[in-house]
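Please read the points below with the model open beside them.

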Amino acid sequence: MKQTPTDLEQITATTLGHYNSVAEDFREGTRDHDVSQNIDALLRHIQGTAPFTILDFGCGPGRDLQTFTRMGHVAVGLDGSEKFAQMAREDSGCEVLQQDFLKLDLPAARFDGVFANAVLFHVPLQELPRVLQQLHGSLKAGGVLFSSNPRGDNSEGWNGPRYGSYHDLEAWRGLLTAAGFVELEHYFRPAGLPREQQPWLASVWRKA
């Protein structure tokens, strides 16, 4: 069933309202999450000479902005949550854009890499091709997109106060390929566990 503009507004408002209401607890609860495997997966595929300009798409409170900055890169954050964007600016000192994922206004060909960690699953499926094309357009020639999402059975809907769209590997490949990306690698997280205990699908893509 096609979602109307009113449906999409409600999805955005409810999901962002939840994140705004739990922003401080979310920052404390995710501060020590180890996503070094994901950061390494992005950076090792970027061609050229560092420092790189990285868009942390869905940067939340800014944990990974600080990591990229400590590594010597130029990190730019983007989040839809007003509170997350404010936290990220204060905690990282980086440029942070506050934008609704469904109403993006991204600079063309600015970034060497886009780090979309645990965020693109919030985009409703019918809007995802357009969002992926906008991320594609924000990358320099040969730029790299990293994504990590909870894997699923290609269903979407409400998970409490948050909306999510959950893809399996083949469906995700189809979406990214149609948006103009070439797959570089994929893996499941957390590392070292049986597949049924690895709920996250991580993948890395190059702008074709």
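1. Which helices each supply at least two residues of the lining of the second largest pocket? They are α2, α3 (36–43) and α4, where helices are DSSP runs of H or I with at least four residues, strands are runs of E with at least two, and both are numbered from the N terminus. The largest share of this lining, 5 residues, comes from α4.

2. This is a predicted model, in which local features need pLDDT of at least 70, side-chain atom pairs count only at pLDDT 80 or more, and totals for chains, interfaces and linings use all residues. Residues are numbered from 1 along each chain as its sequence is written, and side-chain values use heavy atoms, with hydrogens and water left out.

3. The largest pocket has a volume of about 800 Å³ (a pocket is an open set of points, on a 1 Å grid over the protein atoms alone, where a 1.4 Å probe fits, with protein on both sides within 12 Å along at least five of seven lines; lining residues have an atom within 4 Å of a point). Of its 39 lining residues, Y19, F26, N117, A118 and V119 are the closest to the centre.

4. To that lining, α1 (5–21), α2 (23–30), α4 (63–70), β5 (139–150) and β7 (162–166) each supply at least two residues, and the largest share, 5 residues, comes from α1.

5. The second largest pocket holds about 220 Å³ of space, and among the 18 residues that line it, R31, R63, D64, T67 and R70 are the closest to its centre.

How values were computed. Grid points are joined across faces, edges and corners, and a volume is the space filled by probe spheres set on the points.
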